[in-house]
Structures are given as C-alpha cells and as structure tokens.
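Here is a short report on one protein model, written for a first reading. Keep the sequence and the 3D view open as you go.

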Amino acid sequence: ISNKRTLIHAILNSSSVKQEIKVSSKGSKKLEINQNRKAFKYALEICSDISYPVIYLYDKALNWFWNSRYDGLEIIGIEKINDLAVGNSLIYTPSHRSHIDYLALSYELYTNNLMLPQIVAGKNLNLPILGRILRNGGAFFMRRSFGPNKLYSKVFFEHLRKLFQRGYSIEFFPEGGRTRTGRLLNPRPGIISMIIKSFQDMDERDVKFLPISISYEKVLEGKSHLKESRGQKKKKDNLTSIFSTIGDFRGYLGNAYLQFGEPIDLKSFLNKHSPSWQEDIIDLNKDTEKKSWLYEVTPLLGNKIMTNINNATVVTSSSLFASAISDILDNEINKERLTYRIETLIKVIEISNYSKLIKLPKISPQKILEKIKKLKFYKSEKEKTLKMNKTEKNLMEFYKNNILHLLILQSYIFYKSRKKINKSNLINQFKEVFPQIKKDFFLDISINQTEEKITEIIVSLNRLNLLKINEDNEISWMGREKEKDVAEMFSSFWLESLSD
C-alpha cells in the first residue's frame, strides 16, 4: 500500500491539478503558491492513512461485536470475489442502512484474506478522534458538494484515479447516505460518474462493480431512523449524536447478513449502453459538462447497481414480522393470526421467482415470533396474543420496507382484485403505473415482460388458494376469513407504498 505522502505527491503532480492551478493563478506567482497550498490541504483532507496496528485492533473489536451483540455476520457469495480479485479493479457498492455498514464489509474481506477497500466517507464523519480512526481503517473523505470549486474537484478526481492505477479496491455507498425508511434510495451520480471517467484510460485492468445487500434483524439506529423518516430534521453528525444512536448496543441484535449480488462488468455495460464511449474521450484539463454519453449512462449504471442489490435481498425474521403486523390496528395481536400471515408471506416470496439470490429464514413462523420477542420489538404478551403499542409498531416500518420490493407486484394484484376484475384489464392498468413502480423499487423486469410476470403471479396466488379465477378470467379474493385477512394485508402494502 502506497504511503499517504507518496499518494499526495502523485496527486499534486498530476497534469489536471497542475493545469487547474495554472489557470486559476492567472500568471500570479503569489496566487500559484496559494493554490498549491490549497491543493495540498484538499489532498490531506481526502486521503486515507491505513494503519495495520489499527486494522488489527479493528479485527479484535469487530470479532467480539459480531459474535456477542449479533449472532454473527453471515457473508454469502464471497467465493465469487476470490476469482474476480485477480486481474480486476473491484468496486464494492453496498446498501446503506447503518453506521456499521462501513465496518461489516471491511471486516469480512479482511477475515477472508482479501484486500481492504478504500472507503468513500462523507466529510461529516471526519470528526475529532473518529475521523482519525476511520482514516486508519481505509476511509477517505468526500465533501457532499463540490460546488464551483474546480480545484477540489480535480484533486478528488485525481485521487480516485491514482487509487485505480495502483490497483486498489474501492467501496462507496451509491445511495450517498443511510436510508431512514428501509427502502433503497435513488443512487447519487457523483462517484459513479468519476469512476466511468477514470476508466477511460485504464487499459490494463477491468473494473467490476459488486452490488451488496446488507440486512440486519435489528439496526442500532432504529429510533433515530423513525424520527427522521417522520420529518424530524437530521441532526448534524458529531461524536455525541453517533453514540446516542446506538442505545441498543448492549442488547441482543439477532443476525446480520451480507450478500454479494450479480457483478457488473463496466466495459460490457458501457459497450451496451454507450458504444462510442471509447472514442469520445474526456479531457480532464477541459470542461466535461457537455459529454452527453456520460450523463446518459451514469443514471443507468446507478439503477443497475440498485437493482442488483435488491436482487440479493436476505429476508430477515424482523422484516417478515413487520410485514405481518403492518395493517393491524389493535394493540393486542393474535399469535395464530401472525404465524399464518408469516407462513403465507414466506410461501409467496418462495414462488415469486423474484431472483435466484433471494434468501429466506430457515426457521418456522413460531420460531420467528420467539426471535422477535428476544429482540425486544414488543414488551408484553399473553399465551395467545402479544401486545404492541403505537411506537413499537412504527419502529417496524423500517424492516417491512426492507422487503417491500419483493411483494409490490402481489400487493398491486390483491388491491385491484378486492372487487372482481378481468385479468386483461388488470394487466393494462398495471402497465400504466409500471414505469413508476420500476423506478421506485428497482425492479428487474421490462415493460415487455409485465404481462407474463403478472400472469405468473396470478397463477401462483391461485395455486396457494389466495385468489380466485373464474371461467370468465375474472380475479377476486377468496371468501374464507383467513385468506381475506391475508389479502387485506397485501392490499395495505400497496396503499402504504403510494403514501411513501
């Protein structure tokens, strides 16, 4: 690993940074000295400073954390990475649900003898003490907005390019910040665009994006997520605010999962969506705002990353429980009703063919309820019922939204069939709303596949005796009470998604 001083020297001596200093100095030696100092300050602010003694301490602390507070951190698909690491620059792109996402991936890569990534972190985390610890663990810091500051932009970009040239792997969160609702956020274009620009002069190495789904049965920041998703202003990060979000640190936190999604080869992606990318060269010493191909392909790549993250979802006990209680208004909830709902949710996801990577809990609905009790998501129960107050129910919305994309098509069908509806009418109405649903939930189907997919789901729900289809191809709910209760639950998912 290059030492920090060597990396800063290479950045400051790059042609694009030197050119920007020359232009902005306008021939003034005094301004040139001042701009050089600024560039050095920016590079110092950005660069990581990996320390192996600190990494060793990280390893010991995190090993204790994952095996005492959680029931371990399960990593799925790591064997793919061992093969891809040879001859490829790897870009890790995890979902972002907790502050400890930063630590989860690095810990697993380290314990599997893979290179530690350089992690893009917001400058808001460059705090006294904490910033130094994060920097020693591989974090480099990025301002939320570059604004009109061209010098900072050039320094940051050259830093990114130098990391690629030296064969580093990089980790960044495409959402930019943590989701407060539990659903994936729209990807931010900044880093993705810079990586594409850097790739144009990387002749020797291929670049692979590695989408990663990180799921928790209980996140440390649950209460603060709820407040902020309900409109409370996000507090500025400081040591006090960060440590105040982990009030559950001493309690049991269940399981945590990290699953690698389908890799995305950057060269193949660009060849498919922008065939002229290799000829239309971006000159770093000039304004590149008018490169239309870059601005067209960047959001496409961002959406593909998010889609592949959703395709690698690990369904947790808490997400199933949260979905099962979402529309129940009573504080006292019948356990038998819940177990039937959870059992049905598992069956519906199993037969949905959403993605071959979707993972479901390997425990019974009864064991799921036992785990929810252990996680302290509710405080009191009787033999046949459990009791939840409004705050406890609201806290569960985050976990329901973790898997809402897996259920959104079924929820639309249930909602539309609350009164008899002809199958062809349902499909035609679905096609009208499909573009927005695909965008909001990063669905991996095209408009041409919608009829086939909706038909497939209707047939599967009929086989589960959850929907009726008569000889006139009219779809409606089953008449039995338990099945109607499930249909109402699914319908509520659709209505809630509209309110989001």
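Phe493 is buried, at 0% relative accessibility. Buried means under 20% relative accessible area, exposed means over 50%, and partly exposed lies in between (1.4 Å probe, protein chains only). Phe490 is also buried, with a value of 0%. Both residues lie in helix H22 (residues 481-499), three residues apart, so about one helical turn separates them. Helices (H or I, at least four residues) and strands (E, at least two) are DSSP runs, numbered from the N terminus.

This is a predicted model: local features need pLDDT of at least 70, side-chain atom pairs count only at pLDDT 80 or more, and totals for chains, interfaces and linings use all residues. Residues are numbered from 1 along each chain as its sequence is written, and side-chain values use heavy atoms, with hydrogens and water left out.

**Rings**

The structure holds 19 aromatic pairs. One of them is Phe490 with Phe493, an edge-to-face pair with 5.6 Å between centres and 70° between planes. Rings of Phe, Tyr and Trp (its six-membered ring) pair if their centres lie within 6.5 Å; planes under 30 degrees apart count as stacked, over 60 as edge-to-face and the rest as tilted. Elsewhere, ring pairs link Tyr42, Phe140, Phe146, Tyr152 and Phe156 into a cluster.

Charges also sit over rings. Arg143 lies over the face of Tyr152, 4.5 Å from the ring centre. The charged end of Lys374 sits over the ring of Tyr252, at 4.3 Å from its centre. The test asks for NZ of Lys or CZ of Arg within 6 Å of the ring centre and within 35 degrees of the ring normal.

**Salt bridges**

Side chains of opposite charge can pair when their charged atoms come close. A salt bridge is a side-chain nitrogen of Lys or Arg within 4 Å of a carboxyl oxygen of Asp or Glu. The whole structure has 23 of these salt bridges.

| Salt bridge | N to O distance |
|---|---|
| Asp265 and Lys208 | 2.8 Å |
| Arg341 and Asp327 | 2.6 Å |
| Glu456 and Lys453 | 3.7 Å |

What does the bridge between Asp265 and Lys208 tie together? Asp265 lies in strand S8 (residues 264-265) and Lys208 in strand S6 (residues 206-216), so the pair ties together parts that are 57 residues apart in sequence. Both Asp265 and Lys208 are buried.

Arg341 is buried at 0% relative accessibility, whereas Asp327 is partly exposed at 22%. Glu456 and Lys453 both lie in helix H21, three residues apart, about one turn of the helix. Glu456 is partly exposed at 30%, but Lys453 is buried at 13%. Salt bridges that share partners join Asp327, Arg337, Arg341 and Asp485 into one network.

**A sheet and a helix**

Three strands form an open sheet in the order S12-S14-S13, with antiparallel pairing. Strands S12 (421-422) and S13 (467-469) stand at the edges with a single partner strand each, so one side of each has no neighbour in the sheet. Two strands pair if DSSP finds at least two bridges between them. Three bridges join S13 to S14 (residues 474-477). Ile469 has Ile475 in S14 as its bridge partner.

Helix H21 (residues 450-463) lies across S13 and S14, and runs at about 110° to S13. Axes are lines fitted to C-alpha atoms, for helices over the stretch in contact (heavy atoms within 4.5 Å). Angles run from 0 to 180 degrees between N-to-C directions.
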